[in-house]
Amino acid sequence: MLQNSILGILIPFAGTTLGAAAVFFLKETLSRNIQRALTGFAAGVMVAASVWSLLIPALEQSAESGLGHFAFLPAAIGFWIGTLFLLLLDKLIPHLHLYAEKAEGRKSRISKTAMLLLAVTIHNIPEGMAVGIVYAGFLSGSANITASAALALSLGIAIQNFPEGAIISLPMLSSGSSKPRAFFYGLLSGAVEPLAALVMLAATDFFIPAMPYLLSFAAGAMLYVVVEELIPEMSEGEHSDIGVLSFALGFTLMMALDVALG
């Protein structure tokens, strides 16, 4: 079970790696509409994963704890802690979103490339934590999380990481980086996910009593990223419906994966 869990938390990183490898096959950066579509798709996957893979299991586990009408409290508290945690990272870590002109976070003299990577790192931390928490629940055997449900979350995040890897590596190529260097940056952008997941997995026994809080914490953090970063990026510039339609597609796919496998 532990070996399968470690393989499971590496699946999302594999998605980022394959996406970053697109730099070896494409000569130019992606068009703005394609980038909108990929960003919208990633946002849809993350919202559906937050609801079906994280919030609903958190509520179900709280309902079994005897809280009665107040069974929503652990999920609500965890959700707010996750949201505020990402808000804190957003304020403290210097970073630059892909199409932004002004950096966010604390003032820093680090390079534009480093700040772009930090922006994606902030984005990926809650995804890695979510996968690690779900696999921790599976390993414990006491959180009503099946192997299939954990796999569904890993696959869903891997699918949305594929375009994310391409969105990072291709602009690096167009800005003058070599293909191997651009691939490395894309690869590096996803490295934080398995690390965050392994931290969660290593502390399985400690986290089990707080599982509803942790699941909803990851949901709050992921939804913060969607609202603060992905939705503005998919809507930026000339009006287009492609981002919304791609969001719906990503949401539907993740919902289907979770229900079919979970």
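Student: Ser62 first: buried or exposed?

Tutor: Ser62 is buried, because its relative accessible area is 1%, and the cut-off for buried is under 20%. Keep in mind that this is a predicted model.

Student: Which element is Ser62 in?

Tutor: Ser62 sits in helix α2, which covers residues 32–63.

Student: And what does the side chain of Ser62 reach?

Tutor: The backbone oxygen of Ala71, at 3.5 Å. A polar atom of the Ser62 side chain also lies 3.0 Å from the backbone oxygen of Ala58.

Student: What is Ser62 in contact with, leaving aside neighbours within four places in sequence?

Tutor: Leu67, Ala71, Pro74 and Pro212.

Student: Let's follow Leu67. Where is Leu67 found?

Tutor: Leu67 is in the loop between α2 and α3. Leu67 counts as partly exposed, at 37% relative accessibility. Not counting residues up to four places away in sequence, Leu67 touches Ser62 and Pro74.

Student: How about His69, buried or exposed?

Tutor: Exposed: the relative accessible area of His69 is 78%. His69 also lies in the loop between α2 and α3.

Student: Ok, on to α3. What span should its 20 residues have?

Tutor: At 1.5 Å a residue they should span 28 Å, and the end C-alpha atoms of α3 are 28 Å apart, so the two agree.

Student: Which residues of α3 are buried?

Tutor: Pro74, Ala75, Gly78, Gly82, Thr83, Leu86, Leu89 and Asp90. Seen down the axis of α3, these buried residues fall within an arc of 160°, so they line one face of the helix.

Student: Why would residues three or four places apart point the same way?

Tutor: Because an α-helix has 3.6 residues a turn.

Student: What do the buried residues of α3 pack against?

Tutor: They pack against α2, α4 (112–140) and α9 (211–235). On the face of α3 turned away from the buried side you find the exposed residues Trp80 and Lys91.

Student: And Ile81, where does that fall on the accessibility scale?

Tutor: Ile81 counts as partly exposed, at 45% relative accessibility. Ile81 is in helix α3, residues 73–92. If you want a distance to check, Ile81 and Ala221 are 140 residues apart in sequence, and their C-alpha atoms are 8.2 Å apart in space.

Student: Switching to α10. Which of its residues are buried?

Tutor: In α10 the buried ones are Gly243, Ser246, Gly250, Met254, Leu257 and Asp258. They cover an arc of only 100° around the axis, so they sit on the same side of α10.

Student: And what is on the face turned away from that buried side?

Tutor: The exposed residues Val244, Leu245, Leu249, Val259 and Ala260 are carried there. The buried residues of α10 pack against α2, α5 (147–174) and α9.

Student: Can we zoom in on Ser246? What does Ser246 touch?

Tutor: Ala37, Gly40 and Phe41, not counting residues up to four places away in sequence. Ser246 counts as buried, with 10% relative accessibility, and its helix α10 runs over residues 242–261.

Student: Now the whole chain. How many helices and strands does the protein chain have?

Tutor: The protein chain has 10 helices and zero strands. Its radius of gyration is 18 Å, close to the 18 Å that the globule rule gives for 262 residues, so the chain is as compact as a globular protein of that length.

Student: What does the C-alpha trace span along its principal axes?

Tutor: About 60 × 35 × 35 Å.

Student: How many of the contacts join residues at least 24 apart?

Tutor: Among contacts between residues at least 6 apart in sequence, 81% join residues at least 24 apart.

Note on methods
Residues are numbered from 1 along each chain as its sequence is written. This is a predicted model: local features need pLDDT of at least 70, side-chain atom pairs count only at pLDDT 80 or more; totals for chains, interfaces and linings use all residues. Side-chain values use heavy atoms; hydrogens and water are left out. Helices (H or I, at least four residues) and strands (E, at least two) are DSSP runs, numbered from the N terminus. Buried means under 20% relative accessible area, exposed over 50%, partly exposed in between (1.4 Å probe, protein chains only). A polar contact is a pair of N or O atoms within 3.5 Å; within protein, one must be able to donate a hydrogen and the other to accept it, and residues adjacent in sequence count only if both atoms are side-chain atoms. Contact means heavy atoms within 4.5 Å. The expected span of a helix is 1.5 Å times one less than its number of residues. The arc is that of the directions from the helix axis to the C-beta atoms. The radius of gyration is taken over C-alpha atoms; the globule rule is 2.2 Å times the number of residues to the power 0.38.
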